[in-house]
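The sequence and model come first.

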Amino acid sequence: MGLVAVAIGCMAAYVAAEYQSKLVRLEQVADRVHLGERLNRFVTAVVMESRGIYASPDSEKATQFAEGLMGFLDSIDGVLTEWAPLVDPGQQDEFEAVVARAAEFRAFRSETARLGREESPAAANAQGNTEENRANRRAFQAEIDGVVAREAEILA
């Protein structure tokens with residue numbers, strides 16, 4: 001009887017440990033999905049601030065949008081920094097593609113902000129309000145969505 005009780009106890013401890021391990025993994029996946037969604041939200045916010053620059057009547061008015069844009073770019077960097085140590089090794093290449101695209105996005109949108117502040121909203125519009133830029137942003141968000149979708153599959 002004592003051996004049966006010990007065996008049951010060991011089995012219960014094993015099941016509890018396995019459950020805890022899976023729970024931690026699912027929490028990590030949920031955290032990564034949440035970070036991806038936040039990243040997408042910040043990309044959209046940068047686009048909206050860019051539109052504010054384009055529509056501004058002068059550089060003085062464009063400055064507030066440029067400052068907001070730069071703040072959201074910093075938020076993007078913050079999310080990527082927070083996300084990096086959580087990336088599953090099997091998705092490292094995909095995540096690195098997102099990081100590389102984020103650097104391109106930052107460089108391009110920083111120039112949009114600079115032009116809006118230092119030259120004119122019209123100059124920023126000519127630089128940023130292009131089909132090439134929209135295609136780049138869509139590709140960036142598609143890469144983010146791809147990483148998030150693969151993570152979400154684990155939760156399903």
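Apart from neighbours within four places in sequence, Ser59 is in contact (heavy atoms within 4.5 Å) with Gly116, Arg117, Glu119, Ser120 and Pro121. The model is a predicted one: local features need pLDDT of at least 70, side-chain atom pairs count only at pLDDT 80 or more, and totals for chains, interfaces and linings use all residues. Residues are numbered from 1 along each chain as its sequence is written, and side-chain values use heavy atoms, with hydrogens and water left out.

Ser59 belongs to helix H2; helices (H or I, at least four residues) are DSSP runs, numbered from the N terminus. Ser59 has a relative accessible area of 17% and is therefore buried, where buried means under 20% relative accessible area, exposed over 50% and partly exposed in between (1.4 Å probe, protein chains only). A polar atom of the Ser59 side chain lies 3.0 Å from the backbone oxygen of Gly116. From Ser59 to Gly128, 69 residues apart along the chain, the C-alpha separation is 15 Å.

## Helix H2

Asp58 caps the N-terminal end of H2, with a side-chain oxygen 3.1 Å from the backbone nitrogen of Glu60. The end C-alpha atoms of H2 are 35 Å apart, which agrees with the 36 Å that its 25 residues should span at 1.5 Å a residue. The expected span is 1.5 Å times one less than the number of residues in the helix.

The buried residues in H2 are Ser59, Ala62, Ala66, Leu69, Leu73, Ile76, Val79, Leu80 and Trp83. An α-helix has 3.6 residues a turn, so residues three or four places apart point the same way.

## Aromatic pairs

How many aromatic pairs does a search of the whole structure find? The search gives 3. Rings of Phe, Tyr and Trp (its six-membered ring) pair if their centres lie within 6.5 Å; planes under 30 degrees apart count as stacked, over 60 as edge-to-face and the rest as tilted. One of the pairs is Trp83 with Phe95, which is edge-to-face at 5.2 Å centre to centre and 65° between the planes. This pair links distant parts of the chain, with Trp83 in helix H2 (residues 59–83) and Phe95 in helix H3 (residues 92–118), 12 residues apart. Both Trp83 and Phe95 are buried.

Another of them, Phe105 with Phe140, is tilted, with 5.2 Å between centres and 45° between the planes. It too links distant parts of the chain: Phe105 is in helix H3 and Phe140 in helix H5 (residues 131–155), 35 residues apart. Phe105 is buried at 1% relative accessible area, and Phe140 is buried at 0%.

## Helix H3 and Thr112

H3 has 27 residues and reaches 38 Å from its first C-alpha to its last, close to the 39 Å expected at 1.5 Å a residue. Among its buried residues are Phe95, Phe105, Thr112 and Gly116, and also Arg101, Arg106 and Arg109.

Thr112 lies in H3 and has a relative accessible area of 0%, so Thr112 counts as buried. Its side chain makes a polar contact with the side chain of Gln127 at 2.5 Å. A polar contact is a pair of N or O atoms within 3.5 Å; within protein, one must be able to donate a hydrogen and the other to accept it, and residues adjacent in sequence count only if both atoms are side-chain atoms. Leaving aside neighbours within four places in sequence, Thr112 is in contact with Ser50, Ile53, Tyr54, Ala124, Gln127 and Gly128.

Pro121, Ala124, Gln127 and Gly128 are buried in H4. Seen down the helix axis, these buried residues fall within an arc of 125°, so they line one face of H4; the arc is that of the directions from the helix axis to the C-beta atoms.

The face of H4 turned away from the buried side carries the exposed residues Ala122 and Ala126. Ala126, in helix H4 (residues 121–128), is exposed at 58% relative accessibility. The C-alpha atoms of Ala126 and Asp88 are separated by 40 Å, with the two residues 38 apart along the chain.

## His34 in H1

His34 is in helix H1 (residues 2–55). Its relative accessible area is 48%, so His34 is partly exposed. His34 and Gln141 are 107 residues apart in sequence and 14 Å apart in space, C-alpha to C-alpha.

Terms used: Helices (H or I, at least four residues) and strands (E, at least two) are DSSP runs, numbered from the N terminus.
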